[in-house]
Amino acid sequence: MQSVIEQLVAIVGEHRVKIDVDSQQVFGKDQTRVFTPNPMAVVFPDNTEEVQKIVQLANQQRIAIVPSGGRTGLSGGAVAMKGEIVLSLEKMNRVLDYLPEDRVIQVQAGMVTEQLQTIAEEKGGFYPVDFGSSGSSQIGGNIATNAGGIKVIRYGMTRNWVLGLTVVTGSGEVLHINNGMMKNATGYALQHLFIGSEGTLGVITEAHMKLERQPQNLQVLVLGVPNFEAVMPVMREFRAQIDLTAFEFFDANAMQKVVDCGHVSAPFTTQAPFYVLIEFESPHEETLNQAMQVFEACMEKGWVLDGVLSQSLEQLKNLWRLREDITESLSGYTTNKNDISVLIGHVPAFINDIEQFFAQHYAAFETCWFGHIGDGNLHLNVVKPQDMPIPEFYELCKSINPKIFELVAKYGGSISAEHGVGLTKKPYLAYSRSPVEVDYMRGIKQLFDPHGIMNPGKIFDIA
Ligand code: MLT
Ligand code: ZN
């Protein structure tokens, strides 16, 4: 009888199976720090056929598989703690096909997001889903979590850009779904079950991704606003006149964390408690003039304290860093991260409730607020005080989190807008999904993954 490791080596070759502690630690986790990785092995297949053989082996031996992309997740979805096989897609990063008439590119799932963005640009196109971790996140992981990011207001989530998938189901079958087509009315769109499934139904190995035309002459405005209440009217005024590609917000604490890292400076000297970052295409002078008029009108109404418009590509990039570098700048701190959303129309009332709640429960804590206000998605980060032991901080947050989620549920919102449920949000799923819905999800999992080997324990428990 060959051992599992020997059989893995027989499938992918000796150099593509790692069992050393370093590899287990690196590949057995994502960006969450609260879990201790302990996988059996890390395996690096090269193609769908190898992935299929690994899944078939795992089925025979009833060993769990944790699919692993860029490991930039924030909810423990790619954590392997119980002797699983970590299946890294890292080596599967090639372009498989390009269909210029369809404006579709087919890539392996391990391609890094930024690489897809660059290739799209070389082909005269544009892949618009973008976020701070684009330099290391992978397309397969983005699809498995239906990643959102900073351009959702204009381009939507990853789901909008997937026109086909190759998957190896949990039972070891290969499905080629939708082949890159725009139109296909032949029954259930199975690709959408895999998008956002967090590796619990199978392994995404290849994807047909739609491309967009390149944006023209992007401009970025960063505005200082006096309070949260001013953020929504500012957004409304700008959106009424201009098609925005982003409307992001962050508070002074979040910006200070970025500035402290020393790569970029504050946008202007006027101090403001909150900032918004507005991006838009400006193909004609007229759009820029319109933006300036809206800016002035907002100043007159007292909704804006100060502002800066990018004057060069370099300045545009630096202004974006004020928002995009927040997560990285917080990585040196222990934080309790929230990734919640409500309908945009509910945002003002929800924010009012949340502000009161935070004043009551987190008054003594440093908080960093930022997010995609244009999508109703807030990231509320509570920073652990230096002198508080980590376990005490987590226990406290554990007791406070349900109360935040009660407010989310009050507005019919989501406990995870874009980071996914994974392990960290699993205890709170019932605040956003009904028991019947979760039972249907279990039924779907049972169908694709009858032996429960695919990323077990993530999103929900089987029984
Ligand atoms: C972001 O918007 O920067 C990401 O979702 C990451 C985060 O929330 O930390
Ligand atoms: Zn985000």
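A search of the whole structure turns up 1 cavity of 30 Å³ or more, where a cavity is a set of points on a 1 Å grid over the protein atoms alone at which a 1.4 Å probe fits but cannot get out. This is a predicted model, in which local features need pLDDT of at least 70, side-chain atom pairs count only at pLDDT 80 or more, and totals for chains, interfaces and linings use all residues. Residues are numbered from 1 along each chain as its sequence is written, chains are lettered from A and ligands numbered from 1 in the order in which they are written, and side-chain values use heavy atoms, with hydrogens and water left out.

**The cavity**

- The largest cavity has a volume of about 50 Å³, a volume being the space filled by probe spheres set on grid points joined across faces, edges and corners.
- Its lining (residues with an atom within 4 Å of a point) includes Leu-74, Lys-337, Ser-416 and His-419.
- By class, that lining has 1 nonpolar, 6 polar and 3 charged residues; Ala, Val, Leu, Ile, Met, Phe, Trp, Tyr, Cys and Pro count as nonpolar, Asp, Glu, Lys and Arg as charged, and the others, Gly among them, as polar.

- His-372 sits in strand 15 (residues 366-372), while Glu-418 is 46 residues away in the loop between helix 14 (390-410) and helix 15 (435-448); helices (H or I, at least four residues) and strands (E, at least two) are DSSP runs, numbered from the N terminus.
- Both His-372 and Glu-418 are buried, meaning under 20% relative accessible area (1.4 Å probe, protein chains only).

**Ligand 1**

- Among the residues around ligand 1 are Arg-323, Phe-370, His-372 and Glu-418, each with a heavy atom within 4 Å of it.
- Oxygen atoms of ligand 1 lie 3.0 Å from a polar side-chain atom of Lys-337, 3.0 Å from a side-chain N or O atom of His-372 and 3.1 Å from one of His-379.

**The second largest pocket**

- This pocket (an open set with protein on both sides within 12 Å along at least five of seven lines) holds about 840 Å³ of space.
- Of its 27 lining residues, Gln-117, Glu-121, Asp-130, Lys-151 and Lys-317 are the closest to its centre.
- Helix 11 gives the most to this lining, with 6 residues.

Terms used. Buried < 20%, exposed > 50% of the residue type's maximum accessible area, 1.4 Å probe, protein only. Polar contact = N/O pair within 3.5 Å; in protein donor to acceptor, adjacent residues only side chain to side chain.
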